[in-house]
Amino acid sequence: MEVQTGMRASPRRLRYHSACMDVEALGAGEPFERLPEQWVVFVMERDPFGEGRPTYLFENVGPGGRRLGDGTRKLYANGSYRGDDEIGRLMADFCEPDPDRIRDPALAKRVRYFKRTERGRREMESMSERLMRIGREEGAEATLIENARSIMEAFRLTAQQALDVLKVPEADRPRLMELL
């Protein structure tokens with residue numbers, strides 16, 4: 001599940017998350033039939049398709065409505081939906097910052113833990129710091145790749161030569177060479 005604050009969540013981003021879950025779920029040499037049923041859920045800040053629906057479910061469907069049966073589903077949830085039904089109440093609770101106003105007891109308890117206990121606040125700070133560190137690392141790597149590509153293009157160098165110019169350590173090169 002991912003929460004998107006912008007208006008669009010790319011279908012390819014859903015595909016990426018689906019692939020990541022599959023890689024984690026199945027060990028090398030295991031039969032594909034052991035892959036579990038899978039839901040990738042994007043909770044969107046607003047209605048992603050402008051139709052006023054609470055959710056939009058996508059499954060792999062072929063000619064004549066025949067389902068592929070690969071066990072994957074992609075669901076966009078409209079975070080602004082407030083209907084008087086289970087989804088409407090969940091979206092309202094999900095967006096409520098005050099745990100005392102959240103109707104779902106399990107969600108209220110978890111939000112209360114993170115917002116009102118010292119241990120919960122420390123966990124949130126730790127997660128935030130970890131996410132920020134990961135973001136910085138991914139940003140630095142993306143910048144390095146962009147710079148290497150610019151050097152390759154401008155000076156007609158190979159990827160290896162561009163990494164030499166950028167003084168990239170040998171240990172980091174195999175992964176970067178794949179990305180280049």
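Predicted model: local features only at pLDDT ≥ 70, side-chain atom pairs only at ≥ 80, totals over all residues.
Which residues in H3 meet which residues in H4?

**Entry 1: the H3 and H4 contact**

From H3 (residues 105–116), the list has Tyr-113, Phe-114, Lys-115 and Arg-116. On the H4 side (residues 118–155), I found Glu-118, Arg-119, Gly-120, Arg-121, Glu-123, Met-124 and Met-127. Sorting the contact residues of H3 with H4 by type gave me six charged, four nonpolar and one polar.

Next I looked up the geometry. The axes of H3 and H4 lie 5 Å apart, and the packing angle is about 85°. Angles of 65 to 115 degrees count as roughly perpendicular, so that is how H3 sits relative to H4.

**Entry 2: strand E4**

I moved on to E4, residues 72–78. Buried or exposed, I wondered, for the residues of this strand? Seven of the seven came out buried, so the rest of the structure largely encloses E4.

**Entry 3: who pairs with E4**

I checked the bridges last. E2 (residues 38–44) runs parallel to E4, with seven bridges between them. Here I noted Met-44, whose bridge partner in E4 is Asn-78.

E3 (residues 55–59) pairs with E4 in the antiparallel sense, over five bridges. For Glu-59, I found Arg-73 as the bridge partner in E4.

Key
Residues numbered from 1 in each chain as written. Heavy atoms only, no water. Buried < 20%, exposed > 50% of the residue type's maximum accessible area, 1.4 Å probe, protein only. Helix = DSSP H or I, 4+ residues; strand = E, 2+ residues; numbered from the N terminus. Pairing = 2+ DSSP bridges. Axes fitted to C-alpha atoms, helices over the stretch in contact; angles between N-to-C directions. Parallel < 35°, antiparallel > 145°, perpendicular 65-115°, else oblique. Contact = heavy atoms within 4.5 Å. Nonpolar A, V, L, I, M, F, W, Y, C, P; charged D, E, K, R; others polar.
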